[in-house]
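Here are my notes on this model. Please read them alongside the structure.

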Amino acid sequence: MRNKVVCVGFALGCLASIAIPMPILVRAVIALPMVLFIPGYLIIKIVFPRERFGVELFVFSVGISLAVTVLSGLLLHAASFMTALGWSLLLSGITLTAAFFVKCNSETPPYNVLDLSKFQKFMTAAGCIIALIALYQAREGFLSHNEFSYTELWVVPDKGHDSRNYILGFTNKERRPTDYDIQVYLDGQLLASWPSLRLVDGQTWTERLFLPFKSRSIKEQRVEARLYKTEGSERYSQRVWISIPAERQKPAELTASGDLLDHNVLSSYQRNGDH
Amino acid sequence: MPQLAFLAGITVFIASLAAEANRQGADWASLLFYVSVAVFILPVASRIVLADVSRWERLSLVLLAAIGLFLIRIIHEPAYFVDHDAFLHWATANDILKTGHLFKPNPLLPISPVYPGLEIVVTALTELSGLPLFLAAQLFMFIIRLVFICALFLFYEHVSNSSRIAAIAVLIYMGASSFVFFDTMFSYGSLALVFMAIAFLVDIKTERTAGYRAVIFIAIPILAALAVTHHLTSFLTSLILASFAALEIIRFSSSRSLFRILIIPIAAMAFTIGWSNLIGNPSEAYLGPVFGNAIDEAMRFLSFEGGRLPFVAEDGTVAPAWQRITTMLSVLLICIGLATSFFRALARAGVPVLLGKLPRRWRAFIEWRNDRLVALTLVAFAYPLSIVLRMTRAGWEVGNRIGPFAFLGVGIVIAIGIATYWQGDSKNRARAALLGTAIAVAVIAGIFSGSGNYILGSARYRVSADSASVEPMAISASEWTRKWLGTGHRFFSDRTNRLLLATYGGQQVITTLYDRYDLGSVEFARKIGPGELLAIRETTVDYFLLDMRLTEQLPLMGFYFDPGPVYREPPDPAVLFKFNKLAGVSRVFDNGYISIVDVARFRDNVYAQ
């Protein structure tokens, strides 16, 4: 009887968790058994009402719950209702329906598992705590491992505006404050510049640009942004650009097969690669 | 047992220290890690092989071993997904969460959305709990790993009628190369294995239960869910269940009706074939070439016409000597175990195969008592097959996938040998320790075979090395695409970056598997000629994400994009600069290593080429 009430409580809790804002931890405590155990447990109680609940029936309970969830997913997909509300209604519905058919006197005492002394319980708990500390340490170490330090530079169209509006930006991911100069060129002519920008690690700089591209041009129009960063006495550069092709352009100009190597970019890359 | 639980905690702690040391570039980190695993598994195995241990303690010990090994696996992936296959299913799960519908195309693994069992359960957990998908997935994997161990233990226990044999068999099963890492990955095969083990257990339960309650309420839903979860596992499960039934029918002495014998395998086969037909038989196109190439290469290997050099990665990296020795020793120990236990297992099943007890009538040979044990003993033959496949380039993956099924037989066969011959009823702890050492060697070799040198991650970025290629800078580039370009753009990139683009970036990546176009040849072409332009137009690619680091190393997996060309040296950096001078190609992003070029204007420019 007690287990049946607990199961019904979980089903109602699952419904409530959709309607009432709850902390994630509480929702997780409700959701895990609802997805992985409770529907199967109640079905097992209907199928084998007098069988003692041991490891085998536990395994079947989880297996059936997983199967019920998978098959419910297909149903919710067909009903276009694969949302938190859909899951909550369906799994709670299955649980409450199954609980209705479970006989109250069908509960049997569980097996005695391991009888541990206080010292043994302490050892087991200590093992668990050490393992959790290890996982936390592993996570921290993993997240703090960054092999590369770099600056992200970009130029993208400013959506929702005239097609000649762009956003130029960069983010410092050098893991230290860094000094930058940025210059924008249109077909080799300086269009704008922002000297002596100092960004701390993680900081982003953006600027809206209006690029005076001609609507019809017989040659390619190219706007190039060059970012210079200073590290000690060294000065490195990165480039991004927007290229608008000519209205008519000969294929020969498009693929200069003899000299594809861009030495500026290669040297920039090699310097960055030394980090 | 509690002392061993404490030891498990210490092992996980040492493993986390080893992972940190590995990130700092310490050469000894890997050795420390494997020693800590050995120190943990050895006492567990030594205890389990003894005769006078209670059933509960045995079950607790195998669960403890599984928990310890699972936590070690978490150390490998403690904060976000890094394993290749996890990304494939993460992309499918993301689509489900985003659209609220199944079956959305996934170019990374087109077959994944049509076998959505895993993603359904994990997205249900995510929707209901509000947990991030990564955390929900890891919690889920942990729980199903425990359920899998319980199911496997109970199945072996029923088959062997001994909790001792069952526990030893489960521990030996942990020596399968996929056990520690591959089968706990966020991948459809991991959940399917659990359904498989439960299906075997249900098969036994139906035999012992009157009526059809167990069939209708347990077997049918589980077999249906298995069919929706993974193609290969559902097919092999059907095959193994059919073999149990066939052996029961052959021996003539079964007390069950034919219908009762056949109902479970028929249901399994019907769901497997039915679901496959319903979704358009994608398994054939997906698995056909994989198995075809694997068999071809295996045949060539057996004819001494080629193969893969053992312990040498595709980029030429050679495994340390101690790892090579451990792996060879493990194969040798398993072969000795199989050789000395094979006939003992058959004899235990009731097949009259022992010398001096051979019957005079041929009919007596098919009068075994235990069909499942006979079948599992024969399944052990898949082990040498998996070893041969692992010696080939194309077959390595298939060999690895066969592992979980081959070890179903290997585990119980060797366990019977240990329980009836090697340890027997002896209380000699030295002998138990020796056997424990052998099992620990098998488990460690299994981890090494399945995960190579990168179990603890890599101190430095490696090209096309799956988890060793996933690092924060590339993730940040993909996240940048989501933020500044929006989602759903047609992107092409290398094997690792396309995973990140599809998941972190939400982009629609172009793959050979889905689009039937190999844009890798365009990326590595010296110039954009008519063929390259045609490919760009046909695939309607918007962006190329170019990673200059590809030009520094050979790919660890043997390929930069998809299996195909064999590289002897990394590509010339110049090939990636060919986009720089193309009118209409814009470089919209650059971080010094990774750049993103927008080819949409070039592609749509009617005058180009």
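1. A polar contact here is a pair of N or O atoms within 3.5 Å; within protein, one must be able to donate a hydrogen and the other to accept it, and residues adjacent in sequence count only if both atoms are side-chain atoms. Between chain A and chain B, 26 residue pairs are in polar contact, both residues at pLDDT 80 or more.

2. The model is predicted: local features need pLDDT of at least 70, side-chain atom pairs count only at pLDDT 80 or more, and totals for chains, interfaces and linings use all residues. Residues are numbered from 1 along each chain as its sequence is written.

3. Chain A and chain B share four salt bridges (a side-chain nitrogen of Lys or Arg within 4 Å of a carboxyl oxygen of Asp or Glu). Glu147(A) and Arg460(B) form a salt bridge through their side chains, at 3.6 Å, N to O.

4. Contact (heavy atoms within 4.5 Å) joins 107 residues of chain A to 110 residues of chain B. About 9600 Å² is buried between chain A and chain B, 71% of that from carbon and sulfur atoms. Buried area is the accessible area (1.4 Å probe) that two parts lose on being put together, summed over both.

5. Helix α1 (residues 2-19) of chain A packs against helix α3 (residues 38-47) of chain A at about 145°, axes 10 Å apart. Axes are lines fitted to C-alpha atoms, for helices over the stretch in contact, and angles run from 0 to 180 degrees between N-to-C directions. Helices are DSSP runs (H or I, at least four residues), numbered from the N terminus. Asn3(A), Cys7(A) and Phe10(A) of α1(A) meet Ile38(A), Tyr41(A) and Leu42(A) of α3(A).

Methods. Chains lettered and ligands numbered in written order. Heavy atoms only, no water. Helix = DSSP H or I, 4+ residues; strand = E, 2+ residues; numbered from the N terminus.
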